[in-house]
Amino acid sequence: MQPILITHIKELINVDETPRAFVAGNEMSKLKTLKDAWLLIEDGRIKDFGTGKPDTRYAIRDTRNEVEGSDSPISYPGSRSSDRGSVRGLTLFDASGRFVFPSFCDSHTHLVYAGSREMEYVDKIKGLSYEEIARRGGGILNSAKLLHETPEEVLVEQALERLDEILKFGTGAVEIKSGYGLSVVDELKMLRVIRKLKELSPLTIVSTFLGAHAVPAEYKGRQTDYVDLVIHEMIPQVAAEELADFIDVFCDKGFFTVEETDRILSAGMKYGLRPKIHANELDYSGGIQVGVKYNALSVDHLEYTGKREISALASSETMPVILPGAAFFLNMPPAPARRMIDAGLPVAFASDFNPGSSPSGNMQLILSMACISYRLLPEEAIHATTLNGAYAMGLSDQLGSIARGKKANLFITRPMPSLGFMPYAYGSNKVERAILNGKMVQW
Ligand code: NIG
Ligand code: FE
């Protein structure tokens, strides 16, 4: 793999000289950047960066590297031909006028699903609530039925298209949940699809087992039996096949109670599955507290978060994750992200890409929503969608910032006047090209 040297970068964003696991409180507004910068990528990793002219060591080293077959650097639109010819064995990219960001880290999605649910969208417009739609057998159960009928290869194909779409919007790492299976066979089927995606996609993917997403129709009125099925059959089989990195429960009004969540998380812990849970989307459900009790890596949604929840989070290692796509789509009040940051907490923002409450994985839009609807400064929102997102997937030692030795997952923007333009120009794609695992992605 040829090293890549990006030069003349207008601004290199989220530079971390001494890498941190996450950024919290007022540190979130202190985003480190380098103007007129260069960046060297080698062996899939960030090798070095600086300002002004690239370190001459690399040019010398590289000229000596002229070996047969390595003398025709790949050309990319946007790179200058004079530059391309000047150093052999090294792909040069002139990023004049452009910004380089670490890729977005989207820590919460359900992007393996069958088909779509725009009929419910129309019901919602007519006034039905998310819970009413769910009670009528729509919602998650509707997706479960479709998933059951859809062959594994088709699910892989549909998910690959979604992954392709999000990488063009700048995502470089993504978490994907099961939870539309709701039977032993179909939950395993979903997780195998995710495992296949890990093999096929250049994106970094982590998987979460979410058997307790909803109670399937055949267990109606027998919720405890379904929880037993999750605990005694699903979790052991998921663990035996090493199909999940994390475990999730939809701990909320009308779905799973705190007691049920407690039982499921305790069972998951025995198999080394750390929780990342859905909490406090529909009510003050106690989900945040039970998540903290089990040292969850993240608690997600959080529309119903008050003082008690904030203080539980303050003494924890749990990342609060906000999902503005779902709040927008379901017309819910925004989670108090501003209050959380002002209280010294970190926050991450993710897309929640799913067919029912957030059918988009566009992290640039999430960035814009974080600023407009949640009053985060662009610098805070960038931390929330990169490093803090990486933490919420257990990946912040590898991804989420521009740091030497980290995986080279980043994107180059089209020419932009300033950093603030990124969230400001909402709805249009500012990403011109992506580099994943140290390789330019072609599209
Ligand atoms: O994160 N809140 C629970 N689960 C998903 C929605 C899934 C669906 O409606 O299909 C969410 O919003
Ligand atoms: Fe979700």
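The largest cavity of this predicted model holds about 90 Å³ of space, a cavity being a set of points on a 1 Å grid over the protein atoms alone where a 1.4 Å probe fits but cannot get out, and a volume being the space filled by probe spheres set on the points, which are joined across faces, edges and corners. Of the 13 residues that line this cavity, His110, Tyr130, His213, Asn354 and Ser357 are the closest to its centre, where lining residues have an atom within 4 Å of a point. The lining comprises four nonpolar, six polar and three charged residues, with Asp, Glu, Lys and Arg counted as charged, Ala, Val, Leu, Ile, Met, Phe, Trp, Tyr, Cys and Pro as nonpolar, and the others, Gly among them, as polar.

The rings of phenylalanine 101 and phenylalanine 411 are stacked (planes under 30 degrees apart), because their centres lie 5.0 Å apart and their planes meet at 10°. Phenylalanine 101 and phenylalanine 411 are both buried (under 20% relative accessible area, 1.4 Å probe, protein chains only), and ring pairs join Phe101, Phe104 and Phe411 into a cluster.

Residues are numbered from 1 along each chain as its sequence is written. Local features need pLDDT of at least 70, and side-chain atom pairs count only at pLDDT 80 or more.

Notes
Chains are lettered from A and ligands numbered from 1 in the order in which they are written. Side-chain values use heavy atoms; hydrogens and water are left out. On a 1 Å grid over the protein atoms alone, a cavity is a set of points where a 1.4 Å probe fits but cannot get out, and a pocket is an open set with protein on both sides within 12 Å along at least five of seven lines; lining residues have an atom within 4 Å of a point. Rings of Phe, Tyr and Trp (its six-membered ring) pair if their centres lie within 6.5 Å; planes under 30 degrees apart count as stacked, over 60 as edge-to-face and the rest as tilted. Buried means under 20% relative accessible area, exposed over 50%, partly exposed in between (1.4 Å probe, protein chains only).
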